[in-house]
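Hi there,

Here is the structure I promised to hand over. Have a look through it first, and then read my notes below.

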Amino acid sequence: MPGTESAFPIDLKKYRKLTLDPSKPQLTAEQKSTLLHNIQLLRDALVLFTATGAARGVSGHTGGAYDTIPEVCILLSLFEASEKYLPIVFDEAGHRVATQYLLAALDGHIPPEHLLHYREANSKLPGHPELGLTPGVKFSSGRLGHMWPMVNGVAMANKEKVVFCLGSDGSQQEGNDAEAARLAVAQNLNVKLLIDDNDVTIAGHPSQYLKGYDVSKTLEGHGLKVYTVQGEDIDALWAAIAAVVTYDGPAAVVAKRLMAPGVADIEGSTHGHDVIPVKAAIKYLAARGYPTSVSEDILNNIKPTGVPYLYIGSSKEVGANRVVFGEAVNLVLDKLSKEEAAEKVMVIDSDLEGSTGLKVIHQKHPEVFVPSGIMERGNFSTAAGFGFDANKFGVFSTFSAFLEMVISEVTMARLNNCNVLSHFSHSGVDEMADNTCHFGVNSFFADNGLSDVQSWLYFPADPLQMVAVIQRVFFERGLRFVFSTRSKVPYILKEDGTKFFGDGYKFVPGKDETIVDGKAGYVVSFGEMLYRSWDAVLRCRQEGLDVGLINKPTLNLVDEQTLRKIGSSPFVLVVESLNQKTGLGSKMGTWLIERQLTPKYGYMGTTKEGCGGLSEQIPHQNLDPQSIIMKIKRLSN
């Protein structure tokens with residue numbers, strides 16, 4: 001049968017169990033033949049099932065997992081040979097999750113056919129490994145730099161075991177790994193790192209954007225024993241792994257290779273970091289000798305799916321606010337000479353320029369742009385340092401999930417009166433196939449100063465409002481945080497069909513905006529939840545329930561006039577995709593009570609781990625318009 005109903009066409013039962021002894025660092029001809037067979041088998045399987053992510057439009061990651069299959073096969077052979085190894089293939093690059101799903105299938109925890117549902121909503125195969133969700137997955141991972149420190153602790157708890165961790169030249173850029181290296185050496189932990197050094201990350205090649213960075217020299221400098229080899233030379237790779245296993249203390253194998261070696265269309269390119277395109281996968285598998293029908297019948301019969309819904313109150317036209325951020329910054333910079341812009345503004349990237357809108361700034365205004373590595377803490381503080389001068393302005397951007405990584409740096413920037421405009425894209429949960437570890441739901445953590453110091457948190461509702469916000473706040477002093485989603489958003493429409501944030505609109509920081517007044521109560525929303533809330537409100541009004549809607553683009557400031565208006569109505573309902581524990585809804589109730597305003601009160605936000613997929617995430621959190629309508633009706637009774 002075609003598509004995901006197919007049997008998995010690559011027989012994983014052909015995997016040959018092998019035992020390797022590190023006291024024998026030279027492979028026999030038979031061992032080498034078995035290893036090469038296993039490597040090719042698993043690489044072929046991985047190309048096929050990760051390509052289903054491309055087919056269904058949920059993206060994914062092929063190259064990194066494909067790269068490290070030789071190391072994984074060797075580790076499985078060590079686990080097979082002795083109980084002195086902790087039999088978990090820890091991986092600090094969670095986007096290489098395809099490896100973990102492949103291992104789960106090999107171990108019989110999931111049927112191989114289930115791999116064809118890679119990153120599909122509700123398949124329990126999300127974009128990063130989640131402990132307790134997927135049968136056979138033994139750890140959670142996904143934020144770079146977080147796994148090695150944890151593996152150190154695992155080694156301390158299992159002193160009699162050798163503990164392995166897969167790494168990458170990308171994850172090794174994180175400051176946490178430097179701390180982990182120092183501790184591993186100081187405590188002589190039995191931790192062995194196997195690092196894929198393919199010189200590719202999301203935005204480019206570390207050898208180009210981070211000159212001077214050398215994984216092997218860095219680890220040697222920390223005191224680890226390091227072996228640097230060509231990762232596709234299986235004899236050299238095994239000899240190096242055998243050497244680190246028999247070494248007393250922390251050690252690393254740095255395996256140099258091109259990204260996705262042998263995959264013609266993506267080898268050595270940044271495209272290899274992402275999911276392999278369907279056509280490239282079909283081409284690869286055909287070259288490997290598989291009948292074209294095998295891959296075509298599966299991949300060409302998997303199509304993107306969604307949650308169909310015709311929204312009212314917003315346009316069919318959509319825009320990507322995360323991209324519009326960069327375009328809006330360019331509109332500001334266009335008014336300056338190149339010399340003045342370079343003197344006054346510095347924009348620093350953390351290897352996500354294509355995802356967070358900075359790429360268009362890089363292209364049009366290279367004089368202000370600084371390409372940098374996966375070093376969010378240091379990069380934020382660098383932006384702050386540039387803005388230490390009252391007349392200079394740093395710009396920083398990364399995913400909203402990683403806001404949690406820079407909270408202390410935010411505090412110090414605030415105490416130093418620095419000027420930083422931070423853009424955190426991929427906020428909330430909408431279209432987050434990367435799932436829970438990448439949810440950007442704790443945005444209010446940025447507002448961590450005391451009451452005598454102000455920060456500004458802005459979450460524009462559509463592309464026009466994003467432009468208006470940036471135009472207004474770019475050269476304001478202090479810390480300003482702007483949020484956007486991974487998903488595209490439509491334009492908010494007035495009841496007469498014109499764009500709400502179109503001609504004549506001026507953004508005023510701290511000012512709530514009345515989309516429509518109502519006597520029955522008010523919904524308060526912002527960002528990508530505003531158009532969903534507007535749909536729900538309009539449908540309630542069509543039924544005779546006179547509900548009002550407030551847009552709150554400045555999240556953390558009280559607009560006294562608006563708060564008194566809504567607080568004097570029968571009910572207030574906050575609708576957001578931020579964490580229900582830490583978001584606007586957790587605060588607005590207090591604001592109301594402090595002013596002796598006592599409407600019925602409710603708030604809706606993200607409450608549980610994700611389901612994978614794209615548009616399925618919002619209804620999974622019960623944040624779709626119908627869920628909003630049900631909550632409105634309960635509060636209005």
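Let me begin with cavities: on a 1 Å grid over the protein atoms alone, a cavity is a set of points where a 1.4 Å probe fits but cannot get out, and its lining residues have an atom within 4 Å of a point. Grid points are joined across faces, edges and corners, and a volume is the space filled by probe spheres set on the points. By this rule there is 1 cavity of 30 Å³ or more.

Before the rest, a word on the source. This is a predicted model, in which local features need pLDDT of at least 70 and side-chain atom pairs count only at pLDDT 80 or more, while totals for chains, interfaces and linings use all residues. Residues are numbered from 1 along each chain as its sequence is written, and side-chain values use heavy atoms, with hydrogens and water left out.

Back to the cavity. The largest cavity has a volume of about 30 Å³. Its lining is made up of N321, F459, P460, A461, F483, S484, T485, V489, G527 and E528. Sorted by class, that lining has 5 nonpolar, 4 polar and 1 charged residues (Ala, Val, Leu, Ile, Met, Phe, Trp, Tyr, Cys and Pro count as nonpolar, Asp, Glu, Lys and Arg as charged, and the others, Gly among them, as polar).

Next, the salt bridges. The whole structure has 28 of them, each being a side-chain nitrogen of Lys or Arg within 4 Å of a carboxyl oxygen of Asp or Glu. In one of them R43 pairs with E232, with the closest N and O atoms 2.9 Å apart. R43 lies in helix α1 (residues 29-55) and E232 in the loop between β4 (225-230) and α9 (234-246), so this pair ties together parts that are 189 residues apart in sequence. Helices (H or I, at least four residues) and strands (E, at least two) are DSSP runs, numbered from the N terminus.

E232 also forms a salt bridge with R257, where the closest N and O atoms are 2.8 Å apart. That pair links distant parts of the chain, since R257 sits in the loop between β5 (251-256) and α10 (278-287), 25 residues from E232. How exposed are these residues? R43 is buried at 5% relative accessible area, R257 is buried at 6%, and E232 is partly exposed at 39%. (Buried means under 20% relative accessible area, exposed over 50%, partly exposed in between, with a 1.4 Å probe and protein chains only.)

Another salt bridge joins the side chains of K552 and D512, at 2.9 Å from N to O. Here K552 is in the loop between β16 (547-551) and α20 (560-567), and D512 is in the loop between β13 (489-492) and β14 (513-516), 40 residues apart. K552 and D512 are both buried. Salt bridges that share partners also join R43, E71, D196, E232 and R257 into one network.

Lastly, the cysteines. The structure holds 0 disulfides, a disulfide being a pair of cysteine sulfur atoms within 2.5 Å. For C73, the nearest cysteine sulfur is that of C165, 18 Å away, and C73 is buried at 0% relative accessibility.

Best wishes

Note on methods: 1 Å grid on protein atoms, 1.4 Å probe; cavity = no way out; pocket = protein on both sides within 12 Å on 5 of 7 lines; lining within 4 Å.
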